[in-house]
Amino acid sequence: MPERTNQAHAIIVMGVSGSGKSSIGEKLAEALSLRFIEGDQLHPASNVEKMSKGIPLSDADRMPWLDLIGEAMKDALAKGEGVIVTCSALKRLYRERLRAAAGGNLFFVYLEGSRELLAERMGHRKGHFMPSSLLESQLETLEAPTGEPGVVTVDIDDTVEGIAEEARKKLAPLGVS
């Protein structure tokens, strides 16, 4: 087990739409006593409008959003505060941009689930701007972070509490507790 440095950590709860990023992020933040930021709230209005119309975001659309998430993490870490942020972080390029913003002090919890389970969950959501029709686009864009440093993968076929607890357990050996 790595030596504890008591250094503040940034954690991104990532995955495609419907994977439970917000619910798991909130529960994990509560368990670790960290500040929680809903990454979707940092999207520029133009991104929300596009997604609401069923139009997938391009890399150019996502970069300003990723930079806002990066700034939020950087600000928290500069104050010595740990933070958990939700972000789809679908491509390695995006994750590298976020790692750079956080000064490398960043962990990812990748929420992984079957296409069927994700579609079912998206179908039950109420009041979210992301329509179920964009799930396929997100799955096509996804570059799974398997094997990247500081990434733990958690299967989403469980309760919110069970998924958050599994994430907490997998983060602990990395020095996050």
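**Close-up views of a predicted model**

**View 1. Contacts of Met 73 in the predicted model.** Leaving aside neighbours within four places in sequence, Met 73 is in contact with Ala 10, Ile 12, Val 83, Val 85, Leu 98, Ala 102 and Leu 106. The coordinates shown here and in the following views come from a predicted model.

**View 2. The largest nonpolar core.** This core has 48 residues, and the members that touch the most others are Ile 12, Met 73, Leu 98 and Val 109. Helix H3, which spans residues 59–78, gives the most to this core, contributing 8 residues. In soluble globular proteins, nonpolar side chains tend to be buried together.

**View 3. Ser 33, a residue other than glycine with a positive phi.** The phi of Ser 33 is near 55°, and the residue is placed in the loop between helix H1 (21–32) and strand S2 (35–37). Ser 33 counts as exposed because its relative accessibility is 66%, where the cut-off for exposed is over 50%.

View 4. Ala 89 lies in the loop that runs between strand S3 (83–86) and helix H4 (92–101), and has a positive phi of about 45° although it is not a glycine.

**View 5. Confidence along the chain and at residues 1–5.** The protein chain averages a pLDDT of 88, and 89% of the residues score at least 70. Over residues 1–5, however, the pLDDT is below 50, and this stretch has 6 contacts in the model beyond near neighbours in sequence. Where pLDDT is low, the predicted coordinates should not be read in detail.

Key: Residues are numbered from 1 along each chain as its sequence is written. This is a predicted model: local features need pLDDT of at least 70, side-chain atom pairs count only at pLDDT 80 or more; totals for chains, interfaces and linings use all residues. Side-chain values use heavy atoms; hydrogens and water are left out. Helices (H or I, at least four residues) and strands (E, at least two) are DSSP runs, numbered from the N terminus. Buried means under 20% relative accessible area, exposed over 50%, partly exposed in between (1.4 Å probe, protein chains only). A nonpolar core is a set of buried Ala, Val, Leu, Ile, Met, Phe, Trp, Tyr and Cys residues joined through side-chain atoms within 4.5 Å. Contact means heavy atoms within 4.5 Å. pLDDT is the predictor's confidence in each residue, from 0 to 100.
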